[in-house]
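Hello,

Here is the structure I promised to pass on. Please have a look at it first; my notes on what was found follow below.

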Amino acid sequence: LSHVTEGARMAREHRLPQPIIDNIQMHHGTGLLQFFFAKAQMAAEDPEAVDESRFRYPGPKPSTREAGVIMLADKVEAATRTIQRPTEEAIRAMIQRIVNSVMADGQFTECPLTFREIHAVVEVFVKVLMGIYHQRIEYPQTRALSRPPGEDGEALPAVGKGAPGTITLELEATGSLGASLRATPDRTDETTDYESIRNLPQGRG
């Protein structure tokens, strides 16, 4: 619980803008620490006697759109790390459960976010998280670099001069004001590569 109050104290100490301090205080609202509350109930002789208020953040609840988005983003980022197979369906279902939980707990009673805006936020979360967890295809040219050494009986290619398909960059002093880069490809064909370093504009002084 203290990371909220301590975070706000540190923000004030370093004279951060008030909106940042407000967001630190509101990003958990008065939410319940479910794990520790359930643990306390299990340890108690009478679970009903456990004071729920002792396991809630001090608040206040989010009162701006930004604070509401930050609250959802904080919960979503943490929860999606636990998904074993982060498919779009699993990510979307997790986000929807979090939104429903926040709403049911009354955390958005003072937040001006509309249902339409919350829906838009959910769609952005899904898009961003799919970009993070998306498994890209493996290209044959870079397979040896994307796999651990020795996997499938393949060794990592040698790095340095003379290694197949590599370009060695060398620094050559051109005076006290700088140096130029010279590319030394290991191939001898006359094909012009207009994106190579040697074909880029070179500074002169």
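**Notes on the model**

Arg-15 is exposed, with 78% relative accessible area. Keep in mind that this is a predicted model. Arg-15 sits in the loop between helix H1 (2-13) and helix H2 (18-26). Its phi is near 55°, a positive value in a residue that is not glycine. For context, most residues other than glycine have a negative phi, and most peptide bonds are trans.

The peptide bond from Gly-59 to Pro-60 is cis, and its omega is near 10°. Pro-60 belongs to the loop between H3 and H4.

**Overall layout**

The chain has 205 residues, of which 25% count as buried. Seven helices and two strands make up its elements. Read from the N terminus, their order is α-α-α-α-α-α-α-β-β. Now take the contacts with a separation of 6 or more: 55% of them are between residues 24 or more positions apart.

Met-10 is partly exposed, because its relative accessibility is 43%, between the 20% and 50% limits. Its C-alpha atom is 9.1 Å from that of Ile-21, which is 11 residues away along the chain.

**Aromatic pairs**

How many aromatic pairs does a search of the whole structure find? There are two.

One joins Phe-35 and Phe-36. Their ring centres are 5.1 Å apart and their planes meet at 85°, so this pair is edge-to-face. Phe-35 is exposed, at 59% relative accessibility. Phe-36 is partly exposed, with a relative accessible area of 45%.

Phe-37 and Phe-55 form the other pair, which is tilted. Here the distance is 5.7 Å centre to centre, with 55° between the planes. Phe-37 lies in helix H3, while Phe-55 lies in the loop between H3 and H4, so the pair ties together parts that are 18 residues apart in sequence. Both Phe-37 and Phe-55 are buried.

**The nonpolar core**

The largest nonpolar core has 20 residues. Which of them touch the most other members? They are Leu-72, Ile-95 and Phe-108. H4, H5 and helix H6 (115-133) are the elements that give two or more residues to this core.

Leave aside its neighbours within four places in sequence, and Leu-72 is in contact with Val-99, Val-102, Phe-108, Val-121 and Phe-125.

**The largest pocket**

The largest pocket holds about 480 Å³ of space. It is lined by 18 residues, and those closest to its centre are Leu-32, Leu-33, Gln-34, Lys-75 and Ser-101. By type, the lining has nine nonpolar, five polar and four charged residues.

Which helix gives the most to this lining? H4 does, with four residues. Helix H3 (34-43), helix H4 (65-80) and helix H5 (88-104) each supply at least two. H4 and H5 therefore come up in two places: they each give two or more residues to the core, and each supplies at least two residues of the pocket lining.

Best wishes

Conventions: Residues numbered from 1 in each chain as written. Predicted model: local features only at pLDDT ≥ 70, side-chain atom pairs only at ≥ 80, totals over all residues. Heavy atoms only, no water. 1 Å grid on protein atoms, 1.4 Å probe; cavity = no way out; pocket = protein on both sides within 12 Å on 5 of 7 lines; lining within 4 Å. Points joined across faces, edges and corners; volume = space filled by probe spheres on them. Nonpolar A, V, L, I, M, F, W, Y, C, P; charged D, E, K, R; others polar. Core = buried A, V, L, I, M, F, W, Y, C linked by side-chain atoms within 4.5 Å. Buried < 20%, exposed > 50% of the residue type's maximum accessible area, 1.4 Å probe, protein only. Contact = heavy atoms within 4.5 Å. Phe/Tyr/Trp six-rings, centres within 6.5 Å; stacked < 30°, edge-to-face > 60°.
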